[in-house]
Amino acid sequence: MGYKCIIFDCDGILVDSETITAKVLVSMAGDLGLPLDLEFVVREFLGKSLNDIMRYLDDRAKGRLPPTFEAEYRRRTFQAFKKELKPIAGIHSVLQNLKVPFCVASSGPLEKIRGNLATTGLIDRFQDRMFSCYDIERWKPDPAIFLHAASAMGFLPDECAVVEDSIVGVQAALAGGFDVFVYTKNGHGPQLDMRGVTSFDDMGELGPLLAKTRRD
């Protein structure tokens, strides 16, 4: 029997947002005298909650991170998204050809998920099937968001596949008992060789991979 439901992460899987957010963060941190390398930010912060990132920066700033930093970061990223955000290449075709229910489960706030999906023309494919860690106040690598999404969709974890691109996301999905398909962005990303994990580097590969029989 094949998968009955597909759960997508949002950033880096549905929308190409991660480089945009990393550039904003590098710029704002640099203004405070906290130099960050763009590749480091993309690699180390990928999939992590904004709370974790703010704590890291506050530690680097020795507790002097401005109280308005997070709000300003969100404002700047939202502005950049409106101008620069695009869907991940090939994702429209993947969604159009899926024959089973699917949803999105993200660490970002629901407002951000909705806004980014609207900007990239994906919102109509998800509608009321968007789930945020902020709604349950538990973040990856805790599996709660994926368990919540699966339950809301009416399926058990072993009936679902999760599509992710970050280590913490993979850890969360595996901890919840899900099979995981890891998008490595044309070879750049977590290369994981373990039971329940399938890596792919081109979104065009995902449909055929999902169509294969799920694990017993």
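1. Buried means under 20% relative accessible area. Keep that cut-off in mind for the next point. The model here is a predicted one.

2. Start with strand 1, residues 5–8. Its side chains point two ways: C5 and I7 to one side, I6 and F8 to the other. Are these residues buried or exposed? All of them are buried. By the cut-off, then, each has under 20% relative accessible area.

3. Next, look at the partners of strand 1. Strand 4 (residues 160–164) runs parallel to strand 1, and 4 bridges join the two. Strand 2 (residues 102–106) also pairs with strand 1 in the parallel sense, over 3 bridges.

4. Which residues does I6 meet in the two partner strands? In strand 4, A161 stands opposite I6. In strand 2, the bridge partner of I6 is F102.

5. Now turn to the second largest pocket. Its volume is about 210 Å³. The lining has 15 residues, and N97, L98, G207, L210 and A211 are the closest to the pocket centre. Two elements give two or more residues to this lining: helix 5 (91–97) and helix 10 (206–211). Helix 10 supplies the largest share, with 4 residues.

6. What is the make-up of that lining in nonpolar, polar and charged residues? The lining of the second largest pocket has 9 nonpolar residues, 5 polar and 1 charged.

Terms used:
Residues numbered from 1 in each chain as written. Predicted model: local features only at pLDDT ≥ 70, side-chain atom pairs only at ≥ 80, totals over all residues. Heavy atoms only, no water. 1 Å grid on protein atoms, 1.4 Å probe; cavity = no way out; pocket = protein on both sides within 12 Å on 5 of 7 lines; lining within 4 Å. Points joined across faces, edges and corners; volume = space filled by probe spheres on them. Nonpolar A, V, L, I, M, F, W, Y, C, P; charged D, E, K, R; others polar. Buried < 20%, exposed > 50% of the residue type's maximum accessible area, 1.4 Å probe, protein only. Pairing = 2+ DSSP bridges.
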